[in-house]
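Reader: I'd like a close look at one part of this structure: a pair of neighbouring helices. Please also tell me what is going on around that pair.

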Amino acid sequence: MTEQELYVHAVSLLAKKNYASGEMHRQLSRLTESTGDIERVLRRLTDNHALNDAQLLAYLFDKHVKKMHGPTRIKQEMRQKGFPAALIEQGIDNGDIDWYQLAKAARIKKFGEALPSEPKEKNRQIRHLQYKGFTMDMIFEALG
């Protein structure tokens, strides 16, 4: 596949869905072995503002926070999408999010105001907050 064909294919993919540069690289690498062509296509897409990791990361970050996901889960999902690690850390650090307050709000939304009295219920709430991506420090603060 030529570089121009790769570019056209990439643009058609971006017309349907936003991609991180890492995801787009994986998509294009299925079509060709030439990493040089892929890099030139990615650079061209970035220069044309069709591919913008920072903007997409900010959008996805806000989406995850609205779903009450914690920093661990957000980082994991962003890594899977192929965002650079430095950009992910920058997004987490720059967000004005009180993770402890968000963990408490997530617990209250799922289980109500009352704190768990039974060990079994406390473990259930801990597991839920771990799944949501909160650290144990944040979880114990939300349960205390």
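Author: Let's start with what gets called a helix: helices are DSSP runs of H or I with at least four residues, strands are runs of E with at least two, and both are numbered from the N terminus. This is a predicted model, so local features need pLDDT of at least 70 and side-chain atom pairs count only at pLDDT 80 or more, while totals for chains, interfaces and linings use all residues. Residues are numbered from 1 along each chain as its sequence is written, and side-chain values use heavy atoms, leaving out hydrogens and water.

Now for the pair you asked about. Helix α4 covers residues 53-66 and helix α5 covers residues 71-81. Two packed helices are described by the angle between their axes and the distance between the axes. Here the axes come within 11 Å and cross at roughly 145°. (An axis is a line fitted to C-alpha atoms, for helices over the stretch in contact, and angles run from 0 to 180 degrees between N-to-C directions.) The crossing of α4 and α5 is right-handed; that word is used if the near helix is turned clockwise from the far one by less than a right angle, and left-handed if anticlockwise.

Who does the touching? From α4 it's Leu57, Leu60, Phe61, His64 and Val65, and from α5 it's Ile74, Glu77, Met78 and Lys81. Contact here means heavy atoms within 4.5 Å. Sorted by class, that gives six nonpolar, one polar and two charged residues. (Nonpolar covers Ala, Val, Leu, Ile, Met, Phe, Trp, Tyr, Cys and Pro; charged covers Asp, Glu, Lys and Arg; the others, Gly among them, are polar.)

Buried means under 20% relative accessible area, exposed means over 50%, and partly exposed is in between, using a 1.4 Å probe and protein chains only.

What about the loop joining your two helices? Methionine 68 is found there, and methionine 68 has a positive phi of about 60° although it is not a glycine. Methionine 68 is buried, with a relative accessible area of 18%. Its C-alpha lies 9.6 Å from that of lysine 109, 41 residues apart in sequence. Lysine 109 belongs to α7 and, at 66% relative accessibility, counts as exposed.

Compare histidine 49, in the loop between α3 and α4. Histidine 49 also has a positive phi of about 60° without being a glycine, but histidine 49 is exposed, with a relative accessible area of 66%.

Finally, let's zoom out. The protein chain has nine helices and zero strands. Its radius of gyration is 20 Å, well over the 15 Å that the globule rule gives for 144 residues, so the chain is more spread out than a compact globule. (That radius is taken over C-alpha atoms, and the rule is 2.2 Å times the number of residues to the power 0.38.) Along its principal axes, the C-alpha trace spans about 65 × 25 × 25 Å. Buried residues make up 40% of the 144 residues. And among contacts between residues at least 6 apart in sequence, 60% join residues at least 24 apart.
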